[in-house]
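Me: I have a model open and would like to learn how to read it. Can you take me through it feature by feature?

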Amino acid sequence: RGAGGYVTMPPWAPVKITHVILDLDGTLINTEQLVDEVVGAVLRKHDASLDTKSIRNAIEGVRGMRPLDGSRIIIENLKLRKDGAADGPALTAEELLAETEVELNGRWGEVNTMPGAERLLALLRRHEVPTALATSTPAKYLSAKLASHPNLLEHVACVCTGDEVRRGKPDPSIFLLAAERLGVDDPSSCLVVEDTPLGCQAAKAAGMRVLAVPSIQNHDLYGGHADELCRSLYDVDPARWGLPAFDDWRELVPGMSLDRYLPLTTPIRMRGPVVKGFGRGSKMLGIPTANLDVAPLKLQADALAPGIYFGWAAVAKEDPRDVGGGPHRMVMSIGWNPFFDNAKKTIEPWLLHEFGGDFYDQELRLNVLGYIRPEANFTTLEDLVKRIHRDAEVAKTCLALEEFAKHADDPFLVEGLVPN
């Protein structure tokens, strides 16, 4: 570690980073899911034959572009016509954008910050790292998108919006504009944090260092455009770039960083009936998970980056000797599980307790307290099972600590918890 708490740069980034440039959508705020939902509904209106995969591919293919540019390419790729009429006039980008704009303008208030975004911004502010925003969002939409988080960019030195440049991402213009406003002479001293392949491509074309936090599951699309890829902002290590390090990660055993945990600033509470999952927990892994439906828990699920967590759980059960109302220690996976390549997001807690039988449809309550690691793919099923059991040991050790043990007494877990 060098002077001022900085570390030696890794081989692939020999220039010390002095400035940071951040993307907005999918990086700092979670607009992607809302946009996907709204745009998808409008696309189906104009072509009812479109399947989910075609819509997802079309939207993800333009993620990171300015809205009008992206609308134009979606129409071209899907060959959309007004109201789906085969002999009707082609839909224009302006018309598609106008339709989605009406719906989105009424729902921007639903947008949350990305997990870890406020933590990263606070670190940059605390250490006075010059920071800019470079977003494809036009200026007229920016305040609406940030309506629920008006102070998010309070300490960002400058903001560059998509309508300030002639060409949007993947053209590098917006990042070069941000560097100019920051007073940067050497673009390679800038670190760009981006979520899309097109944004990474633009930043790389600007001669900058690129850290990708993907919003698209196909990580192969980032190849060659990102110097580093992290699965979430929780996993970003600024010290690898010569920037000040986070000081909130803790090691179970000092000096052994393999087993670490990150306490959540605010516990996340979830409740819902246990639903049937993929049937692989007990059968394939020997690990009986109690799945929750993501749809009614969207707000809570969005507050957690995909990854592995620990906390307390309680479930309603007829026999009080079996469950006793809880609480029980638990380790939980949330995300898409890269090993099985899930098509949809899942919440899969493993209650670390021996139960006498299944409890489908019974209410399950979770109090999520800390983050262990990102989702990861594994070479073999055996490696996956070993890692899950190791996660369980980390969870048990963490939950024995007073700062987490006290949450077992949270009334949320057991008050009014009765079997169906």
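**Reading the model, feature by feature**

Reply: Glu128 sits in the loop between helix H5 (117–126) and S2. Bear in mind that this is a predicted model.

Me: What is the phi of Glu128 near?

Reply: The general idea comes first. Most residues other than glycine have a negative phi, and most peptide bonds are trans. Glu128 has a phi near 55°, which is positive, and the residue is not glycine. Glu128 is also exposed, at a relative accessible area of 71%.

Me: Where is Lys79 found, and is Lys79 buried or exposed?

Reply: Lys79 belongs to the loop between helix H3 (67–78) and H4. The residue is exposed, because its relative accessible area is 69% and exposed means over 50%. Its phi is positive too, near 55°, in a residue other than glycine.

Me: And the peptide bonds? Which residues does a cis peptide bond join?

Reply: Lys169 and Pro170. Omega there is about 20°. Pro170 lies in the loop between S3 and H7.

Me: Now helices. How do I describe two that pack together?

Reply: Two packed helices are described by the angle between their axes and the distance between the axes. Take helix H1 (residues 32–46) and helix H2 (residues 52–60): the angle is about 120° and the axes are 10 Å apart. That makes H1 oblique to H2. The crossing of H1 past H2 is right-handed.

Me: Which residues of H1 and H2 make the contact?

Reply: H1 supplies Asp36, Val39, Gly40, Leu43 and Arg44. H2 supplies Thr52, Ile55 and Ile59. By type, the contact of H1 with H2 has four nonpolar, two polar and two charged residues.

Me: At what angle do the axes of H1 and helix H4 cross?

Reply: At roughly 130°, with the axes of H1 and helix H4 (residues 93–105) coming within 10 Å. H1 and H4 are therefore oblique to each other. Their crossing is right-handed. On the H1 side, the contact is made by Leu34, Val35, Val38, Val39, Val42, Leu43, Lys45 and His46. On the H4 side, it is made by Leu96, Glu99, Thr100, Glu103 and Leu104. Eight of the residues in the contact of H1 with H4 are nonpolar, two polar and three charged.

Me: On to sheets. What is the strand order of the open sheet?

Reply: Strands of a sheet pair through backbone hydrogen bonds, either parallel or antiparallel. Here six strands form an open sheet in the order S3-S2-S1-S4-S5-S6, with parallel pairing. Strand S3 (158–160) and strand S6 (228–229) are at the edges with a single partner strand each, so one side of each has no neighbour in the sheet. S3 pairs with strand S2 (residues 131–134) over three bridges, in the parallel sense. One place to look is Ala132, whose bridge partner in S3 is Cys158.

Me: Which strands does H8 lie across?

Reply: S4 and S5, and H8 runs at about 165° to S5. Pro197, Leu198, Gly199, Cys200, Ala202 and Ala203 of helix H8 (residues 197–205) are buried. These buried residues pack against helix H7 (173–182), strand S4 (190–194) and strand S5 (209–212). After H8 comes Gly207, with a positive phi near 85°.

Me: What does His225 touch?

Reply: His225 touches Pro197, Cys200, Gln201, Lys204 and Val210, leaving aside residues up to four places away in sequence. His225 is in the loop between S5 and S6. It counts as partly exposed, at 24% relative accessibility. His225 and Gly199 are 26 residues apart in sequence, yet 8.9 Å apart in space, C-alpha to C-alpha.

Me: Last one: how many of the residues of strand S11 are buried?

Reply: Seven of the eight in strand S11 (residues 328–335), so the rest of the structure largely encloses this strand. S11 runs antiparallel to strand S10 (residues 307–315), joined by seven bridges. S11 also pairs with strand S12 (residues 346–351), antiparallel, over six bridges. Find Met330 in S11: Gly311 stands opposite Met330, and Met330 stands opposite Leu351 in S12.

Conventions: Residues are numbered from 1 along each chain as its sequence is written. This is a predicted model: local features need pLDDT of at least 70, side-chain atom pairs count only at pLDDT 80 or more; totals for chains, interfaces and linings use all residues. Side-chain values use heavy atoms; hydrogens and water are left out. Axes are lines fitted to C-alpha atoms, for helices over the stretch in contact, and angles run from 0 to 180 degrees between N-to-C directions. Helices (H or I, at least four residues) and strands (E, at least two) are DSSP runs, numbered from the N terminus. Angles under 35 degrees count as roughly parallel, over 145 as roughly antiparallel, 65 to 115 as roughly perpendicular and the rest as oblique. A crossing is left-handed if the near helix is turned anticlockwise from the far one by less than a right angle, and right-handed if clockwise. Contact means heavy atoms within 4.5 Å. Ala, Val, Leu, Ile, Met, Phe, Trp, Tyr, Cys and Pro count as nonpolar, Asp, Glu, Lys and Arg as charged, and the others, Gly among them, as polar. Buried means under 20% relative accessible area, exposed over 50%, partly exposed in between (1.4 Å probe, protein chains only). Two strands pair if DSSP finds at least two bridges between them.
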